[in-house]
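Welcome, and thanks for taking a look with me. Here are some notes to read alongside the view below.

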Amino acid sequence: PVQVSVKLEREVDDDDEEDEGQSDADFGKVAAPLFPKEKREGWWIVIGDTKTNSLLSLKRVTLQRSQKVMLEFMAPEEPGDYNLTLFCMSDSYLGCDQEYSVPISVAVGESDDDSSEEGSD
């Protein structure tokens with residue numbers, strides 16, 4: 001399996017934080033007056049291959065100031081270079097989504113058949 005570690009950090013302006021007196025619990029609250037209860041923003045962290053239109057890993061997180069997310073997926077079976085895409089999508093705000101290129105190289109793995117052939121002399 002392939003493991004990708006993603007560190008998410010919220011940009012906070014020190015002046016705004018002091019003026020509003022925001023605590024850590026206030027981060028992530030969404031201004032949604034018509035929502036029936038308090039809404040907290042969520043982020044979908046997705047890794048996919050846009051060439052094959054396939055989804056490899058998906059995780060939803062709620063972000064305070066910063067958070068580390070570990071995504072895991074199976075490497076493609078064919079060896080070679082792949083250019084995957086990491087998407088960060090907000091479930092609360094339009095225009096905040098981000099995407100990043102994630103190049104990976106898949107090498108030829110050693111097969112398990114080698115060990116079984118040795119005992120068949």
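1. A term to begin with: a nonpolar core is a set of buried Ala, Val, Leu, Ile, Met, Phe, Trp, Tyr and Cys residues joined through side-chain atoms within 4.5 Å. Please keep in mind, too, that this is a predicted model.

2. With that in hand, look for the largest nonpolar core, which has 18 residues. Its members L8, I45, I47, L71 and L86 touch the most other members. Two or more residues of this core come from each of β1, β2, β4, β5 and β6. The largest share belongs to β1, with 4 residues.

3. Leaving aside residues up to four places away in sequence, L86 touches V6, I45, V46, I47, L71, Q98, E99, Y100 and V102.

4. Next, follow β1 itself. In a regular strand, side chains alternate between the two faces of the sheet. On β1, the covered face carries V2, V4, V6 and L8, while Q3, S5, K7 and E9 are on the uncovered one.

5. Which way do β1 and β4 run relative to each other, parallel or antiparallel? They are antiparallel, and 8 bridges join β1 to β4, a strand made of residues 66-73.

6. Now for the empty space. Rolling a probe the size of a water molecule over the atoms shows where such space is left. The largest pocket here has a volume of about 300 Å³. Its lining counts 14 residues, and L8, E9, W43, L63 and Q98 lie nearest the centre.

7. Which strands supply at least two residues each to that lining? They are β1 (2-9), β2 (43-49), β5 (80-90) and β6 (98-106). The most comes from β1, which gives 4 residues. Sorted by class, the lining of this pocket has 8 nonpolar, 5 charged and 1 polar residue.

8. Two loop residues also deserve a visit. V12 sits in the loop between β1 and α1 (14-20). V12 is called partly exposed because its relative accessible area is 27%, and that class covers values between 20% and 50%. Although V12 and R65 are 53 residues apart in sequence, their C-alpha atoms are 8.1 Å apart in space.

9. The other is N53, in the loop between β2 and β3 (54-61). Is N53 buried or exposed? N53 counts as exposed because its relative accessibility is 71%, and the cut-off for exposed is over 50%. The phi angle of N53 is near 55°, a positive value in a residue other than glycine.

Methods. Residues are numbered from 1 along each chain as its sequence is written. This is a predicted model: local features need pLDDT of at least 70, side-chain atom pairs count only at pLDDT 80 or more; totals for chains, interfaces and linings use all residues. Side-chain values use heavy atoms; hydrogens and water are left out. On a 1 Å grid over the protein atoms alone, a cavity is a set of points where a 1.4 Å probe fits but cannot get out, and a pocket is an open set with protein on both sides within 12 Å along at least five of seven lines; lining residues have an atom within 4 Å of a point. Grid points are joined across faces, edges and corners, and a volume is the space filled by probe spheres set on the points. Ala, Val, Leu, Ile, Met, Phe, Trp, Tyr, Cys and Pro count as nonpolar, Asp, Glu, Lys and Arg as charged, and the others, Gly among them, as polar. Buried means under 20% relative accessible area, exposed over 50%, partly exposed in between (1.4 Å probe, protein chains only). Two strands pair if DSSP finds at least two bridges between them. Contact means heavy atoms within 4.5 Å.
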